[in-house]
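This briefing is for a reader new to the structure shown below.

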Amino acid sequence: MKIIKFLPFAAMLTASAAFSQNDAGMLTNYVDQNIGTGGHGHVFMGANVPFGMVQLGPTSIPQSWDWVSGYHESDSTVIGFSHTHLEGTGIGDLFDVTVMPVMGDVTYARGTESDPKTGLWSYADRRNQVVSPGYFSVPLTRYGILAELTATNRVGVHRYTFPKGKDAAIVIDLENGGCWDKPTGTMMKAVGKNKVVGYRYSEGWAKNQRVFFVAEFSKNFKSFELKGKDDMYGRVNFGKTKEGEQILMKVAISPVSVEGAEANLAAEMPGWDFDSTVAKASNEWNKELSRVKVETDDQDALTKFYTSTSENVAGTIIVWYNAV
């Protein structure tokens, strides 16, 4: 497995500083999203807003019981960043529309940890992982790419910082769901030079589940190719990238239609301002947490209370239908 040199550390420091949320009075300061990601906690890790349909976060290789949320603290593999996850359940499902930034040729499969060549997965550098309500970032060691995520109700927003290279791409994976979830029908196609649309039908804990999506990119792609088993992987090729070049991606979903996903994207994320979207998501979390004010000098108690509250809210998913 080829290891590509990491991006300048300054880029990671900037991300960490921008989203550390040290503002006085922000109750999100007391949320520790790492709590519950070990043992049998089944806690979602990633970026979302209160009651949002999109729960955008990393999905790992294992599909056993302790990984029903897609993430476990004992494991640092990442097959991509999925737009739907479950929180605190005893069975796995969802993990729809998984996205993975890559460099060079890859095998289009989930893969096994014993052999990196079996899939497109990467190890995540958990030492430099940054997470706060509405924001998630982690370096992908295999590709030297810094992944940053945020979200609105129905849109997942990605910012990938690439190293210098000639084969940069973003792969959309419609095969791999969560644990007992299996695809029953998939489709995706390019529209112009900066958009991909499609759907994923699946069956698992939820029967006859349907997710439609539209993905837009901040940079025109060179080409779009269908890859892997039954064309369930879409490779969006960007070609050469400069050191530290950033490519943004926004993915809107709908349970109704591609047109519904288009409407959701237009309503919630018409532009490309990643940082303001992070700030808005953080403010939404702080507003929700502020429904209950706790006064105590016990910092551990505050952390436990507001972390538990945020996880309860994250586990309550409202299916936000189309914006029109």
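**Briefing**

An open sheet is formed by six strands in the order E1-E3-E4-E10-E15-E14, with antiparallel pairing. Its edge strands, each pairing on one side only, are strand E1 (57-59) and strand E14 (223-227). On average, neighbouring strands of this sheet are turned by 30° against each other, direction ignored.

This is a predicted model, in which local features need pLDDT of at least 70 and side-chain atom pairs count only at pLDDT 80 or more, while totals for chains, interfaces and linings use all residues. Residues are numbered from 1 along each chain as its sequence is written, and side-chain values use heavy atoms, with hydrogens and water left out.

**Terms for strands and helices**

- Helices (H or I, at least four residues) and strands (E, at least two) are DSSP runs, numbered from the N terminus.
- Two strands pair if DSSP finds at least two bridges between them.
- Axes are lines fitted to C-alpha atoms, for helices over the stretch in contact, and angles run from 0 to 180 degrees between N-to-C directions.

**An edge of the sheet**

- E1 and E3 run antiparallel and are joined by three bridges.
- Thr-59 has Gly-80 in E3 opposite it.

- Strand E9 (residues 155-162) is largely enclosed by the rest of the structure, because eight of its eight residues are buried (buried means under 20% relative accessible area, exposed over 50%, partly exposed in between, with a 1.4 Å probe and protein chains only).
- In a regular strand the side chains alternate between the two faces of the sheet.
- Both faces of E9 are covered, with Val-155, Val-157, Arg-159 and Thr-161 buried on one side and Gly-156, His-158, Tyr-160 and Phe-162 buried on the other.
- Strand E8 (residues 145-151) pairs with E9 in the antiparallel sense over six bridges, and a hairpin of three residues joins E8 to E9.
- Leu-149 has His-158 in E9 as its bridge partner.
- E9 also runs antiparallel to strand E16 (residues 245-254), with eight bridges joining them; Thr-161 stands opposite Gln-246 in E16.

**Helix H2**

- In helix H2 (residues 258-268), the buried residues are Val-258, Gly-260, Ala-261, Ala-263, Asn-264, Leu-265 and Glu-268.
- These buried residues pack against E9, E12, E13 and E16, where contact means heavy atoms within 4.5 Å.

**The cavity**

- A cavity is a set of points, on a 1 Å grid over the protein atoms alone, where a 1.4 Å probe fits but cannot get out; lining residues have an atom within 4 Å of a point.
- Grid points are joined across faces, edges and corners, and a volume is the space filled by probe spheres set on the points.
- By this rule there is one cavity of 30 Å³ or more, and the largest cavity holds about 100 Å³ of space.
- Residues lining the largest cavity include Val-31, Gln-33, Phe-44, Glu-87 and Trp-285.
- Helix H4 (residues 299-314) gives the largest share of this lining, three residues.
- The lining divides into six nonpolar, three polar and two charged residues (Ala, Val, Leu, Ile, Met, Phe, Trp, Tyr, Cys and Pro count as nonpolar, Asp, Glu, Lys and Arg as charged, and the others, Gly among them, as polar).

**Two loop residues with positive phi**

- Most residues other than glycine have a negative phi.
- Phe-95 has a positive phi near 65° and lies in the loop between strand E3 (80-82) and strand E4 (98-103); at 2% relative accessibility, Phe-95 is buried.
- Asn-208 has a positive phi near 55° and sits in the loop between strand E12 (195-203) and strand E13 (209-217); with a relative accessible area of 53%, Asn-208 is exposed.

Technical notes
1 Å grid on protein atoms, 1.4 Å probe; cavity = no way out; pocket = protein on both sides within 12 Å on 5 of 7 lines; lining within 4 Å.
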